[in-house]
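Please examine the sequence and the structure shown here.

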Amino acid sequence: MQLVFSDAQYWEDFLPLTFTRPVAEMRCGILTFSERWQKILETTEVSWFTEMYLQQKFREPEKKESLFLVTNFLPTETVIQQIKDLKQGEALVYEDELVAAKINMEGFSLNQIEKMTDIKEELVFFKKPTDLFTYNKEAIDFDFELLTKGKTSQELSSTNGFLGNKEDMFIEEGAEIEFSTINTKTGKIYIGKNAEVMEGCNLRGPIALCEGSKFNLGAKIYGATTIGPHSKVGGEVSNIIIFGYSNKGHDGFVGNSVIGEWCNLGADTNSSNLKNNYGNVKLWNYRTKDFQDTGLQFAGLIMGDHSKTAINTQLNTGTVIGVASNIFKEGFPPNLIENFSWGGFKDDERFKLDKAYEVAEKVMARRKLPLTDDDKAILKHIFNEY
């Protein structure tokens with residue numbers, strides 16, 4: 001059965017993170033939404049129902065019977081079984097929004113649905129960027145059980161200090177941890193395959209360090225934090241998510257933030273996550289085209305893919321940075337930094353598209369990955385349209 005991951009009405013609400021990906025490809029917890037659902041439903045036959053300019057990279061559904069799924073929520077065991085039990089023409093609805101349906105993608109239409117069933121249980125649902133870090137603990141807990149069930153963790157080296165329950169820590173094959181302190185009293189800690197926790201680090205769960213990633217010497221990591229694959233993190237972080245392939249390798253603080261792929265925060269980059277007046281933080285909303293109250297006292301940085309900050313960059317509380325932006329000028333940049341900004345300030349010139357390709361190619365080559373024609377087409381569309 002083909003799984004069709006739908007952006008439904010949520011794609012625009014997650015910008016700038018979704019400029020370069022469908023909603024299903026965002027990471028929260030240990031896994032991306034799509035990875036989580038493939039594991040839950042035990043299938044790798046997937047496609048995406050998303051923005052047209054993304055469909056060349058994220059393939060369109062085949063015109064056949066499919067399970068149509070909104071991915072950005074954590075299901076209960078009951079809901080998982082309800083989804084598995086769906087028959088052709090049946091759907092599940094949560095808070096008046098369709099979340100799953102068994103339909104034929106030939107002549108796709110929701111008119112095919114003959115029976116709708118309301119989900120009665122309360123779900124953890126992700127509807128905006130700040131939800132990713134707000135509910136990251138719940139996502140880490142969910143994925144920890146999903147990934148470690150029936151498996152045995154590597155032993156933690158005796159050079160480390162440990163507090164908490166050993167069952168709340170899992171170390172995958174090839175991971176290295178030496179001369180650090182680990183505390184699972186506040187949450188589970190997952191160390192992915194071939195990841196490394198260098199000497200002198202202090203980890204306070206819940207934390208997920210994904211495959212091939214590193215905590216640099218002396219890093220201070222507060223949960224709930226997820227560092228996606230092949231990333232490097234140093235300094236101090238608290239309750240952040242890095243999707244993957246990004247670096248915050250040096251001293252400096254980032255808290256209550258979401259950072260995309262192929263980003264780099266220069267040495268001593270700091271992002272405020274609390275206003276001086278302790279008031280609620282406002283963030284730019286791409287749908288309404290204005291700053292909106294998040295209802296949160298703590299909210300730091302939302303950063304799109306391929307963006308970079310220079311050394312000593314200081315970011316205000318509630319800063320939103322678009323795709324392929326370069327922030328390097330003196331002073332605090334504004335709370336909204338546009339796509340392809342060259343400098344980070346309003347009315348700065350734009351980063352030239354060919355130069356953006358050139359930098360992306362060099363950065364991705366360091367991880368032995370190519371900048372594909374599809375990647376270039378996505379960046380070109382963002383450059384021209386947004």
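## Helices and cavity

Helix α1 (residues 33-41) is mostly covered, with seven of its nine residues buried. Buried means under 20% relative accessible area, exposed over 50%, and partly exposed in between (1.4 Å probe, protein chains only). Helices (H or I, at least four residues) are DSSP runs numbered from the N terminus. The buried residues of α1 are F33, S34, R36, W37, Q38, I40 and L41. Just after α1, E42 adopts a positive phi of about 55°.

This is a predicted model, in which local features need pLDDT of at least 70 and side-chain atom pairs count only at pLDDT 80 or more, whereas totals for chains, interfaces and linings use all residues. Residues are numbered from 1 along each chain as its sequence is written, and side-chain values use heavy atoms, with hydrogens and water left out.

Two further helices can be set out in a table. The expected span of a helix is 1.5 Å times one less than its number of residues.

| Helix | Number of residues | Span between end C-alpha atoms | Expected span |
|---|---|---|---|
| α5 (residues 353-365) | 13 residues | 18 Å | 18 Å |

In α4, the buried residues are N136, A139, I140, D143, F144, L147 and T148. Seen down the axis of α4, these fall within an arc of 135°, so they line one face of the helix. The arc is that of the directions from the helix axis to the C-beta atoms. G150 follows α4 and has a positive phi, near 80°.

In α5, L353, A356, Y357, A360 and M364 are buried. They cover an arc of only 100° around the axis, which puts them on the same side of α5. The buried residues of α5 pack against α6 (373-385), where contact means heavy atoms within 4.5 Å.

Helix α5 also takes part in the lining of the largest cavity, giving the most to it with three residues. A cavity is a set of points on a 1 Å grid over the protein atoms alone where a 1.4 Å probe fits but cannot get out; lining residues have an atom within 4 Å of a point. A search of the whole structure finds one cavity of 30 Å³ or more. The largest cavity holds about 70 Å³ of space, a volume being the space filled by probe spheres set on the grid points. Its lining consists of H306, K308, A324, N326, F351, A356, V359, A360 and L379.

Technical notes: 1 Å grid on protein atoms, 1.4 Å probe; cavity = no way out; pocket = protein on both sides within 12 Å on 5 of 7 lines; lining within 4 Å. Helix = DSSP H or I, 4+ residues; strand = E, 2+ residues; numbered from the N terminus.
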